[in-house]
Amino acid sequence: MSILVVGSMAFDSVKTPFGEVTEALGGSANYFSAAASFFTPVRLVAVVGRDFPESHLDFLRSRGVDLRGLERAPGKTFRWAGEYGYALNEAKTLDTQLNVFADFAPKIPEDYRDSEVVFLANIDPDLQREVLRQVRKPALVAADTMNYWITGKPEALKRTLAAVDMLIINDAETRQLAGEPNLVQAARIIRAWGPKVLVIKRGEYGALLYNDGEWFAAPAFPIEVVRDPTGAGDCFAGGCVGYLARAMRFDDITVRKAMILGSVMASFNVEAFSLDRLRTLTTAEIEARFRAFRRLCHFEELEPRATEVG
Ligand code: AMP
């Protein structure tokens, strides 16, 4: 089934201990669509400015992403600048220029309104609800958010969460949103506001799933080369929600598999700057890393009396 994604298209300037790029192609909708396109057709709604080269869309086009919902507005494209230290978990935002994103009012094309799966990437929670108002009756609504909205628009965000089935955020955002330092209790608090499924991303420590009272933990894949974590969260969401849209089943077993595929896509994306690793990625590589994940997490049942001495 097709996924509708609404989010940002950006020029990112990123510095990590392993290199830097200036005005590279980025944005939450961009990363999400590229990752999800390995599993299911994607329909994108976003805005770019007049400075956005047509050639920057070639990759998404080559992946079959439907770009009819991409608006071109007078003005400059959204820009984000960030820096990472050796602890690659946390981006330090150096600069955010909303530009055309400031006046963005998502218009969902008529052909997209029947989308069965919707991903609301990180945008103003009022706009996220505006997107939901324009779609018919999705079977799954997944969403992301960030500290900017948790502090800036907490009430609007809570109203959005009431209509969200699956929230995919990081651990710091989970604590901040719930106002509770313990992740287990924070998950319960957020569950009560709406999302039946909560995915808590923990960077190089993997991800936790809280699915209607049940916990599942996915590790992060141990990779030797990490160059740029930008977009890891969105690629995680792309792999996870992309697989759910393909399966169109949302039971615990399927959601667990989706979590692992999210981790797989994030683990590839961090190997290079911008979307570069996704450009060369193949489905055979995705399947091989999924199998490697299975080996990474697998262990046998404890034999009887293993804890008895003598
Ligand atoms: P992540 O997957 O969390 O690393 O997201 C990285 C992407 O989010 C970058 O490509 C940025 O362009 C984009 N981004 C950063 N800040 C914002 C924001 N306030 N609104 C929308 N997108 C953003």
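This is a predicted model: local features need pLDDT of at least 70, side-chain atom pairs count only at pLDDT 80 or more; totals for chains, interfaces and linings use all residues.
Q: How is a pair of packed helices described?
A: Two numbers are used, the angle between the axes and the distance between the axes. Here helix 1 (residues 28-36) and helix 8 (residues 232-247) pack at about 40°, with axes 7 Å apart. Helices are DSSP runs of H or I, at least four residues, numbered from the N terminus. Axes are lines fitted to C-alpha atoms over the stretch in contact, and angles run from 0 to 180 degrees between N-to-C directions.

Q: Which residues of helix 1 and helix 8 make the contact?
A: Helix 1 gives Ser28, Tyr31, Phe32, Ala35 and Ala36; helix 8 gives Asp234, Cys235, Ala237, Gly238, Gly239, Val241 and Gly242. Contact means heavy atoms within 4.5 Å. Seven of these residues are nonpolar, four polar and one charged.

Q: How is empty space found?
A: A probe the size of a water molecule is rolled over the atoms. In this model the second largest pocket holds about 350 Å³. A pocket is an open set of points on a 1 Å grid where a 1.4 Å probe fits, with protein on both sides within 12 Å along at least five of seven lines; lining residues have an atom within 4 Å of a point.

Q: Which helix gives the most to the lining of the second largest pocket?
A: Helix 11, with five residues. The lining includes Phe290, Arg294 and His298.

Residues are numbered from 1 along each chain. Local features need pLDDT of at least 70, and side-chain atom pairs count only at pLDDT 80 or more, while totals for chains, interfaces and linings use all residues.

Technical notes. Side-chain values use heavy atoms; hydrogens and water are left out. Helices (H or I, at least four residues) and strands (E, at least two) are DSSP runs, numbered from the N terminus. Ala, Val, Leu, Ile, Met, Phe, Trp, Tyr, Cys and Pro count as nonpolar, Asp, Glu, Lys and Arg as charged, and the others, Gly among them, as polar. Grid points are joined across faces, edges and corners, and a volume is the space filled by probe spheres set on the points.
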